[in-house]
Each structure stands twice: as C-alpha cells, then as structure tokens.
Amino acid sequence: VRIERRLERARWLNVAVPVGSIAFAFAVMALVLLATGHDPGFTYRRLLDSAFFADGAISQTLTSATPLAFTGLAAAAAFRMQLFNIGGEGQLYAGAIGGAAVALLLGGAVSTPVHVLLMSLAGAAGGAALALVPAVLRAFLRTNEIITSLMLNYVTALLLNYLIFGSQSFWRDTSTPEARVFPQGKALPDSAAWPAAALDLGRPILVPLGFLLALGLALGLWFVYGRTRFGFEVQVIGDSPRAARYAGMRTRRKILAVMGLSGAVAGLGGASQDGDFRHQLDARGLTQASYGYTGIVVAALGRYNPFAVCLVAFLLGGLQNAGYTLQGADFPSGLVGVMQGIILFSTLGGELLIRYRVRVGRGLRRGHPSPEPAR
Amino acid sequence: MNDSFAVDLIANSLQYGTPLLFAALGELLAERSGVLNLGVEGMMLVGAVMGFWAVQRLDGPTGAVLLTAVLVAALAGALMALVHAFLVVTLRASQIVSGLALTIFAGALGLSSYLGNDLDLAGAPAEHAFSPLDLFGLGDLPLVGPIVFDQNALVYVSWALVAAVGFYLARTRPGLNLRAVGESPAAADAMGISVTGYRYAHTLAGGALAGIGGATFSLAITPQWVDGLTGGSGWIAIALVIFAFWRADLCLVGAYIFGAFSYLPLKLQSQGVTIAPELLQSLPYVMTVLVLVLVSSGFAKRRLGAPAALGVPYLREEG
C-alpha cells in the first residue's frame, strides 16, 4: 500500500467525506449502544425527533446552532491562515461581557436597533481585543498562539465568574435578597432583546437575529477570503509563509488582522448570546456550554468554508439541542460528545483521502524521486 | 508546627500537583517525539472513570485492587492516545484538531460521562482509595514529616517517574533516539530509527500517564466519580510542559507550583481570608503565557526550545 499526494483534489470528495464521516459516526455509535444494552433505532429516532421533527424543534436547534455558527466562522477565519486561534471560547465570553455592559449602560433609553448595533460593536470589540493579545505575541515575539489563546480562555472564564459570583460588579444583579444569595447577572433592558424573524414553513419557525447575522458574516467572509487581494495573501501565507515573505507580503499585519477578525466574530457570538437568548450576563450558562471548542469541530467539519460552516453548525446544533432535551434516565449521557468526537475523527481521517491517493499494489520503487514536486 | 499554614500548604500542594505531574510527564514524552496531544483532559477523564470502575468492581486486598485500578486507568488512557496516534502519525491529520477532537470525544460531555453513567459509578463512595502511607513511621517528624513521609503511594511513584524520565531522555540510547525523532525526523529516519514506531510508543506512553493522572483524582484526591472530575487539569498539564521547557525535573517544580495555586483558594477560604479565588486560580494560566513569551525569545529558543518537529507530520518523501 502506498500513499501519495494528489495532484488535483477531487471535488466530490469534499462532500462525500463529511457525509461519510457522519454516517460512519452513526454506525460506530450504534455498535457502542448495542454493546451497552441500548436500542440504537429507538435512541436515534428520539435524537432526530427532538433535533429536527418535533414541534418547535427547529427553533430550538437554531438557538443551539447560532453560537456554533459564530465560533465556527471565527475558527475558520483564523485556521485558513494556519493561525490556530483556539481562544474562541474566551473571545465569546469577552464579547458577552462587552455586549452586556453596553446594554446595561444604555438601559431603556434607546430603541432596539440602536441596542443591536452598539451591542454588536461592543461584543466584536471585546472579542477582537482579547484575540489581539496572542496575535501581538505571535507577530512580534513569535510566541505560539495555540497555547496563549487557550490560556486566555481560562483567564476570561475566571473573569466572567468573578464578575457574577466573586464580586458586586456592575453586571451582577444585587437588587433583591435572593439575588444576593444566588448570584446572577442583571437583567438587560427589554429593548435590548434582539428580535427574531418568524417563518411559517408548514409550522412556525423562529429564526434568531443572531443566526441571520452569522449567515451575513459567512457571506462577508466568503467574499473577503475568496475574492479580495487580502484573502489571497492570507491563503498564500497559510500555505507557504516563506513564499509569502519572498513575495513581500506583510505577514505581521495579516496576523493581527486575521486574529482580530476571528476574535471579533467570536465576540459577536457573545453579544448575540446576551441579546438573542440569555438577556443577562449568564456566567454559568456560557462557561458550561463550551461553544468555542465545539466551534473548532464545526469549522473542521465544514472544511473552513463559511457556508458549509453554517450548515454544519445547524446539524451539530440539532445534535446538541437533542442532547439537552433528552437528558435523563433512558437517554445515555455523553452520547452527543462521543458522536461529535467520532464524526470529527472520521472527517480527519477522510482528509487523507482528499489530499492523498491510496494505491494498492506496486507503485514507484523506493529511492526514485517522486514524480510530483516536493512541497 | 505540623499544623502550621505553610506545612499544610506544601503537603497539599504535592498532593494536588501529582495528577498534573503524571499528565505533564506523559505529554512531555509525546511532545519530545514530535506529537502534540491536546487530548490530555479527555484521556485523564477516561483514566479516572475506568480506574474508579476497577476499584468498585474488583474484590481483594486493597493494595492489589489499587494496583490493578492504576493499570486499568493507564490502559484506558493509552487506548485513547492510540486513536490520536493513528490519526496524526499514520493518517497525518492535523494534530491540533485531532487532539481537540479527542478531548471532545472522551471528555466531560463525552465517553467518560457515558461510561460513568452506564457503569453506574456516579455518587457512590470509593471501595478502596489511596491513603497517606506514613513511611517508616516518620510522618510525625516536624516539617518534613507531613511533606515527605506522609503522602500517598502515587506521590512517591511520581517522584520515581520524574527520575526515570529524566534519566531516559538524557542518558539512554532510546532517549537520544527519541529526541532525534522530535528534532529532525528526516535525520533520524536516515539513521535507521523508526520515526513511526517512536511516535506511536511515546504517544501511547503519554496517554497511559495521563490516564494514571486522572486516576489520581478518582482514587486519591477525591475518591469518587463525578462528570468532569479533573476540572481542566489536562489543559494545565499541557501548559506545564512548556512552562518546564520540556524537562522532567522542571515539570516537578511546575506541577507543585500549579498544585499550590489550586489548593490555596480552598485553604484561604477555610481560614476566612476574603480574596477572590478567581484571582489566584488565574495565576497559573497567566504565568504560563509569560513563560511562553520568555521561551520564544531568540536566546531561549536556541537553548531550551521546543522539539523542532513538534506538530509536524512526517512523510518520508516530503521530509
């Protein structure tokens, strides 16, 4: 068996591999379920039902999908340049802190559109500011961004907990005796609640404004990365930093710009959490959801294509939503995480099929130069 | 004197640092071979749950049961690492994404939770657990008694392991080969060293040690099983390897510093000191970033830097 690099990547594999991965994950999980005495048919029917087919399931799934679309796009934006920003988690928190601060400061004095605009800006600014820390360190001191962005996730999570549980901060509700005993965030003013679009496709579906924003962002990212000089240079730097340097591309600026962009997208997801769903700075809810890490799965599954990322976010959102609603005695806990993991593993394995050709039988003899140019 | 603040703090820092030490030594071995494994948290959790399963289900003398449980935990961790090794060494997948996938697959919302639930382990007190040994009856000595002579067996095993790993890397032929594989796989390959073999072996060893690290929680520190028992220790262990410049002896120092930071908030709270625990808890992460910045400066990189081939897949024709 020989493995060699493909000269041309087969386009159909770009679709076949993710689809095959999902099918493979369902098959493997069915074996695990059988081995542990659960009925896979029954479990899967309930899973799909509560993800997509039950009353109100699609609206719930969109709710779960929205943050994943943001963090997925954030990861995709950075990973395209081989910048491994795994700080989407913390950047989302920073965005949520910024968005909530603006909403609380403005209070009921301004209308909803102004709230949406300013909360989005504050959220994006918060996420971008946090992402710029690893970006600056990477650009000027060549510090590995993987670990620094990861460490900042923990620092930001602790900051978030401090604001709600550890102090009498501006974000914390201290108005009633109960709120002083069971700490929670201050309720945002009513006009800071983002509107949702009601669709009627046979049954009513609520599309959160955040999800529409994410779709708009996907369009924007597709344009920037696919159709502009900036996007082209980012691609070249990602593929071959040396070639980019010889061509006179400004790598440092790109690192700052791309990380800032990635952080801003994740931060916007945080503001959307405040405005669309939680209507307070929900420290516990945000830190338990791990949107940032799942976003990396989403980006990898979508092969860093913005539109595919949104689609994958919708599918994984359904899986997560089903996981939440089905938690209980007759539904195996941890199933959703295991399935996400297997899907991701098989997608990663499938990458091999996209990039390399597997030949069985006698190939070129060892020691002869490869017919393809070395990278 | 032995009840004093400092002695209690140091003795407990050792206890809380031990899971970090095991996991960090494992990650160190994997990274020295050029394989970055971000799945430590997941491997620790699976090790913790399987180790706990072993003590709950096995009968026999406590010592034998605990030894078996540690071996079960190591095996479980190694199995998890095998998935990662297969993907990144054989299939050359992205090490970062694969490691994250491993944490999602095995972690607090994945396999470890599934196993804990399905094997019905949550909420029950442990049938057997590691307890302080009171070595040579010296546990009552002033100062050193509680710190050196009154720890559980895993603490002593971890000390032996630090010495073993340090010796292995610096003084043995396989250790030298390992470092060659991590620095320049092409050169190692040309010397006839099996890059694939070394990477598989050390990634698996890393998984086994992460599993033992996780079991340190479920068998010694808090002898029970709850979802997400390790609480992010796996990530700290990854940071610790960098903090320790990829050296075993410095891993020990770092693990105990980080252990102190995880114990100090509990201690201060019980003493009625009002300082935000979040502040103390964030220090290990901030320190890691600072150390990383220092390490990546030019001088440090030349003298102490990471294995040069860390994170880079090796393909013979492209090497």
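This report describes the two chains of a predicted model, from their overall form down to single residues.

## Basis of the model

Because this is a predicted model, local features need pLDDT of at least 70 and side-chain atom pairs count only at pLDDT 80 or more, while totals for chains, interfaces and linings use all residues. Residues are numbered from 1 along each chain as its sequence is written, chains are lettered from A and ligands numbered from 1 in the order in which they are written, and side-chain values use heavy atoms, with hydrogens and water left out.

## Chain A as a whole

Chain A contains 15 helices and 4 strands, where helices (H or I, at least four residues) and strands (E, at least two) are DSSP runs numbered from the N terminus. For its 375 residues a compact globule would have a radius of gyration near 21 Å, and the value of 22 Å for chain A agrees with this; the radius is taken over C-alpha atoms, and the globule rule is 2.2 Å times the number of residues to the power 0.38. Along the principal axes, the C-alpha trace of chain A spans about 80 × 60 × 40 Å.

Of the 375 residues of chain A, 54% count as buried, which is to say under 20% relative accessible area, whereas exposed is over 50% and partly exposed lies in between (1.4 Å probe, protein chains only). The accessible surface of chain A is about 17,000 Å², and 62% of it belongs to carbon and sulfur atoms; such areas come from the Shrake-Rupley method with a 1.4 Å probe, and for residues only the protein chains shown count as cover. Among the contacts in chain A (heavy atoms within 4.5 Å) with a separation of 6 or more, 76% are between residues 24 or more positions apart.

## Chain B as a whole

Chain B is built from 14 helices and 0 strands. Its radius of gyration is 20 Å, close to the 20 Å that the globule rule gives for 319 residues, so chain B is as compact as a globular protein of that length. Its C-alpha atoms fill a box of roughly 60 × 45 × 40 Å along the principal axes.

Where contacts in chain B join residues at least 6 apart in sequence, 77% of them join residues at least 24 apart.

A nonpolar core is a set of buried Ala, Val, Leu, Ile, Met, Phe, Trp, Tyr and Cys residues joined through side-chain atoms within 4.5 Å. The largest one has 204 residues, and those with the most contacts inside it are A:Met29, A:Trp171, A:Leu281, B:Leu38 and B:Phe105. The largest share of this core, 14 residues, comes from helix H3 (residues 62–90) of chain B. The C-alpha atoms of B:Leu75 and B:Phe52, which are 23 residues apart along the chain, are separated by 13 Å. The helix is followed by B:Arg92, whose phi is positive, near 55 degrees.

## A hairpin in chain A

Strand E2 (residues 196–201) and strand E3 (residues 203–208) of chain A run antiparallel and are joined by 6 bridges; two strands pair if DSSP finds at least two bridges between them. Within this pairing, A:Ala196 stands opposite A:Pro208, and A:Ala198 stands opposite A:Leu206. The hairpin has 1 residue between the strands, and A:Gly202 takes a positive phi near 85 degrees.

Of the 6 residues of E2 in chain A, the number buried is 0, so this strand lies largely in the open.

## Two loop residues with positive phi

A:Arg142 has a positive phi of about 55 degrees although it is not a glycine. A:Arg142 is found in the loop between helix H5 (112–141) and helix H6 (145–166) of chain A, and it is exposed, with a relative accessible area of 56%.

In chain B, B:Asp120 has a positive phi of about 60 degrees, and it too is not a glycine. B:Asp120 lies in the loop between helix H5 (111–118) and helix H6 (144–149) of that chain, and with a relative accessible area of 62% B:Asp120 is exposed.
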